[in-house]
Amino acid sequence: MEVFLMAKDSQNTPMIYRRLGRSGLQVSLFSMGSWVTFHNQVDVKGVREMMEIAWEAGVNFFDNAEVYANGESEILMGQALKKLGWNRLHYVVSSKFYWGLQSADQPQARVNSRNTLNRKYLLQAVDGSLRRMQLDHLDLIFCHRADKQTPIEETVWAMHNIIEQGKALYWGTSEWDADEILAAWEIAERHHLHKPVMEQPEYHLFHRHRVEKEYARLYDYMGLGLTTWSPLASGLLTGKYIDGVPEGSRAALQSMAFLRGGLLDSGKNQAVKELQEIAVSMECSVAQLALAWVAHNPHVSTVILGASRAEQLRENLAALDVLNVLTPERVEQIQAVTEKYAH
């Protein structure tokens with residue numbers, strides 16, 4: 001398609017770094033995630049190659065979760081980090097807890113081992129991630145979803161204790177609602193505990209309300225930082241699903257079949273066609289345009305990129321150049337195209 005021919009294929013703008021919320025930690029504006037790709041689409045050699053490409057481009061944050069590929073994603077990232085041998089002070093690694101792991105010899109979920117944020121689970125889950133990643137500490141840990149059954153106070157104390165033990169440095173949440181985040185922060189404030197610093201929400205042109213409206217009161221009040229995921233709406237904002245599901249794509253994976261309905265939405269794909277026209281006028285791909293749009297939000301500390309090929313990662317990182325020419329007028333034009341389908 002025409003838009004891909006015009007994609008910037010190299011990054012000319014030096015990496016930008018932003019503070020993680022109100023903390024002193026600086027993370028690269030574009031970071032690298034492992035959901036779907038590590039183990040499922042990319043082996044350890046490919047993981048190492050792409051992490052090195054990201055590193056050379058200035059990326060210093062690599063995101064993971066215990067549930068990704070049932071622990072295999074953490075194992076591959078740990079092996080790659082070991083081989084790459086970077087100075088531990090210079091990179092940031094995360095993991096996320098809630099879903100737990102599926103055991104081959106115990107296929108049925110056991111209480112206290114999955115879908116929970118109770119103290120027993122969290123303190124043991126972090127040890128498992130450290131073993132798989134071959135690290136002595138994680139920089140960021142997230143409560144991967146909210147647990148309606150465990151008191152938030154118990155979860156806050158457990159995350160505080162993990163940090164006090166030196167197994168992690170900062171903690172946050174993922175896909176919690178604003179009231180839950182605020183409740184956790186206020187419990188930590190009241191008891192002088194380590195507070196949640198960041199939230200990891202889905203954020204892209206078709207999914208905007210939570211970041212732009214629901215969380216609005218939290219940015220100034222508690223200094224919330226965002227490590228956003230799915231900036232390309234699982235690939236919808238690349239234009240690859242306009243004509244159906246291509247072979248080798250994320251939606252072609254049986255494990256990702258639940259995404260197909262949204263990815264094949266005719267209205268959203270028509271909007272993507274209109275975005276392609278804007279992207280051509282800006283001499284970039286629609287994916288780069290969409291990534292730059294997420295990154296332009298000052299509340300976003302880092303935009304997590306996913307890639308299954310080295311050339312795809314390089315193209316995504318080149319969205320930094322597009323950010324330089326993303327004027328307020330362009331932003332308004334882009335948002336007008338997607339407004340009808342955004343929620």
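Let me begin with a definition: a residue is called buried when its relative accessible area is under 20%, exposed when that area is over 50%, and partly exposed in between. By that rule, Asn 112 counts as partly exposed, because its relative accessibility is 39%. Asn 112 is found in the loop between strand E5 (92-97) and helix H4.

Please keep in mind that this is a predicted model. The mean pLDDT of the chain is 92, and 91% of the residues reach 70 or more. Residues 1-5 have a pLDDT below 50, and this stretch makes eleven contacts in the model beyond near neighbours in sequence. Where pLDDT is low, the predicted coordinates should not be read in detail.

I return to Asn 112, for its backbone. Most residues other than glycine have a negative phi. Asn 112, however, has a positive phi, near 70 degrees. Asn 70 likewise is not a glycine and has a positive phi, of about 55 degrees. Asn 70 sits in the loop between strand E4 (61-62) and helix H3. With a relative accessible area of 35%, Asn 70 is partly exposed.

How do H3 and H4 lie relative to each other, parallel or oblique? The axes of H3 (residues 72-84) and H4 (residues 119-133) come within 7 Å and cross at roughly 45 degrees. The two helices are therefore oblique to each other. On the H3 side, the residues that meet H4 are Glu 74, Ile 75, Met 77 and Gly 78; their partners in H4 are Ser 129, Arg 132 and Met 133. Sorted by class, this contact holds three nonpolar, two polar and two charged residues.

Let us now consider the interior. In soluble globular proteins, nonpolar side chains tend to be buried together. Here the largest nonpolar core has 101 residues, and Phe 30 and Met 51 touch the most other members. Helix H11 (residues 286-295) gives the most to this core, with nine residues. Leaving aside its neighbours within four places in sequence, Phe 30 is in contact with residues including Met 15, Val 59, Leu 291, Ala 295 and Leu 320. Another core, of ten residues, lies apart from the largest one; among its members are Leu 20, Val 27, Phe 61 and Val 197.

Trp 55 lies in helix H2 (residues 44-56). Its relative accessibility is 25%, so Trp 55 counts as partly exposed. Beyond four places in sequence, Trp 55 is in contact with Phe 62, Trp 86, His 90 and Tyr 91. Trp 55 and Trp 86 are 31 residues apart in sequence, and their C-alpha atoms are 9.6 Å apart.

Is Asp 321 buried or exposed? Asp 321 is buried, because its relative accessible area is 9%. Not counting residues up to four places away in sequence, Asp 321 touches Lys 8, Ser 10, Gln 11, Asn 12 and Thr 13.

Ser 230 and Thr 173 are 57 residues apart in sequence and 16 Å apart in space, C-alpha to C-alpha.

Definitions and conventions:
Residues numbered from 1 in each chain as written. Predicted model: local features only at pLDDT ≥ 70, side-chain atom pairs only at ≥ 80, totals over all residues. Heavy atoms only, no water. Axes fitted to C-alpha atoms, helices over the stretch in contact; angles between N-to-C directions. Helix = DSSP H or I, 4+ residues; strand = E, 2+ residues; numbered from the N terminus. Parallel < 35°, antiparallel > 145°, perpendicular 65-115°, else oblique. Contact = heavy atoms within 4.5 Å. Nonpolar A, V, L, I, M, F, W, Y, C, P; charged D, E, K, R; others polar. Core = buried A, V, L, I, M, F, W, Y, C linked by side-chain atoms within 4.5 Å. Buried < 20%, exposed > 50% of the residue type's maximum accessible area, 1.4 Å probe, protein only. pLDDT = per-residue confidence, 0-100.
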